[in-house]
Amino acid sequence: MLNTVFNYIDENFEKFISDLKEICRIPSIAAQNVGIVEAVDKLRVMFEDAGLNVRVLNVDKGNPLLYAEYKPRSYKKTLLFYNHYDVQPPDPLDLWVTPPFEPSIRDGKIFARGVADNKGNIIARLKAVESMLNVFGDLPIAVKFVVEGEEEIGSPSLPSYVKSYGNMFSADAGIWEFGYRDVSGRPVITLGVRGIAYFEFRVKGPRVDVHSGEAAIIPNPAWRLIYFLNSLRGDDGRILIDGFYDDLKPVEREDEELLKSIPFNDEEIIKRLGIRGFVGGVRGFEALKSMLFNPTCNIDGLYSGYIGQGSKTIIPSYAMAKVDFRLPPGLTCQSLLEKLKRHMDKYGFNDIEVTLLSGYEAAKTDLKAEIVKVALSSAREIYGLEPIVYPISSGSGPMYLFVNELKIPMVSVGVGYHESNNHSPNENIRLEDFKLGIKHIVKIIDMMGRM
């Protein structure tokens, strides 16, 4: 019976690609507050045309959230999709082969900013629902879409949306925003995400830049910042803040077993990145385990003084660093902030300004959850390959609001692949993966309806 839907998808695939191009032309960059209204308006029309009931929600000063739902005449289960319509800035522009907001197809791939993260997944899920409605006239389950516009800047308004509309978002299970196929073509299914705490540290120096000839007596804020950053982390990657690891949950046995089944070619990664090795000298299984379950302290950016062409001899007036901590299950932003401030007091760094820019806790779905079984079984049928299951992602996202607070078990499946270049120039997805991703969602909906 599903073959009729799959045939419909094949016959209408060029139209689906056209719709994906249309939404990718809109530069909905939350960090720059551009294209937000235009993206929401376009998606609202697309969802309504597909037959869903749509509401555009607003809270506080945040970007609008698009909520859409379809409730069949009779159903027992509800599936929620979480996505985001905002995208990363496209810089550096000179590294794009074609303009980032002029979608281009070449070599069986579609290139555009946001096509993998996250508009390709929005459209794939919408087209799965639309195809089933056009073929069958109804769905076997209810579906809900929560499409926010601030994920790329830390989802600051999403907690308010969940607090205000949590009852509306309720569901039996959910599909998280991302998913991809690995280098061998096997679909990757992920059961959770790590938390994150993103900080800005700022050191003040003299009121204005000073001639470096006076460096013997004038304190340099850049050196001060370097000393502080060096106090946070050892060369082996271990974080040096007192009590940092106290609440870290141990890796569960079933998660270790999952890790052993994940292909992990450390030699290829080291060669591809042009590095000498991994932090702490870990290799193989221990490297994979560290990547997914070890907390991190990472410097995202540093700024101070003169960094232009040629020379300029100054003592800068300030220094600034942006640092993120990835937080596995058990660690929270608030606890980290308290321990960080105690660390700064203890070692005399309390003159440094610290700002928590964004953050959230980890979230993880149990391997035995019904939606995990559905995702795995449906993936085997659609892709004809055994899925790879990650117990948690090395990345982060606001999944905790749905898994931890609303108690909705969620998994990640999607239309990306190992070279989609998320957040990088020439972001892309393969057209084949886009089509299979649509069919995968159809199969998931069908299987949930039979339970």
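The legends below describe close-up views of a predicted model.

Local features need pLDDT of at least 70 and side-chain atom pairs count only at pLDDT 80 or more, while totals for chains, interfaces and linings use all residues. Residues are numbered from 1 along each chain as its sequence is written, and side-chain values use heavy atoms, with hydrogens and water left out.

**View A. Helix 10 and its packing.** Helix 10 covers residues 333–346 (helices are DSSP runs of H or I with at least four residues, strands are E runs of at least two, and both are numbered from the N terminus). From first C-alpha to last, its 14 residues reach 20 Å, close to the 20 Å expected at 1.5 Å a residue (1.5 Å times one less than the number of residues). Its buried residues include Cys333, Leu336 and His343 (buried is under 20% relative accessible area, exposed over 50%, partly exposed in between; 1.4 Å probe, protein chains only). The buried residues pack against strand 10 (192–204), helix 6, strand 14 (318–327) and strand 15 (353–360); contact means heavy atoms within 4.5 Å. Just after helix 10, glycine 348 has a positive phi of about 75 degrees.

**View B. Tyrosine 227 in helix 6.** Helix 6 spans residues 221–232 and contains tyrosine 227. Tyrosine 227 counts as partly exposed because its relative accessibility is 48%.

**View C. Aspartate 19 in helix 2.** Aspartate 19 belongs to helix 2 (residues 13–24). This aspartate 19 is buried, at 6% relative accessible area. Setting aside residues up to four places away in sequence, aspartate 19 touches Met46 and Lys127.

**View D. Surroundings of isoleucine 371.** Beyond its neighbours within four places in sequence, isoleucine 371 contacts residues including Leu79, Ala173, Pro409 and Met448.
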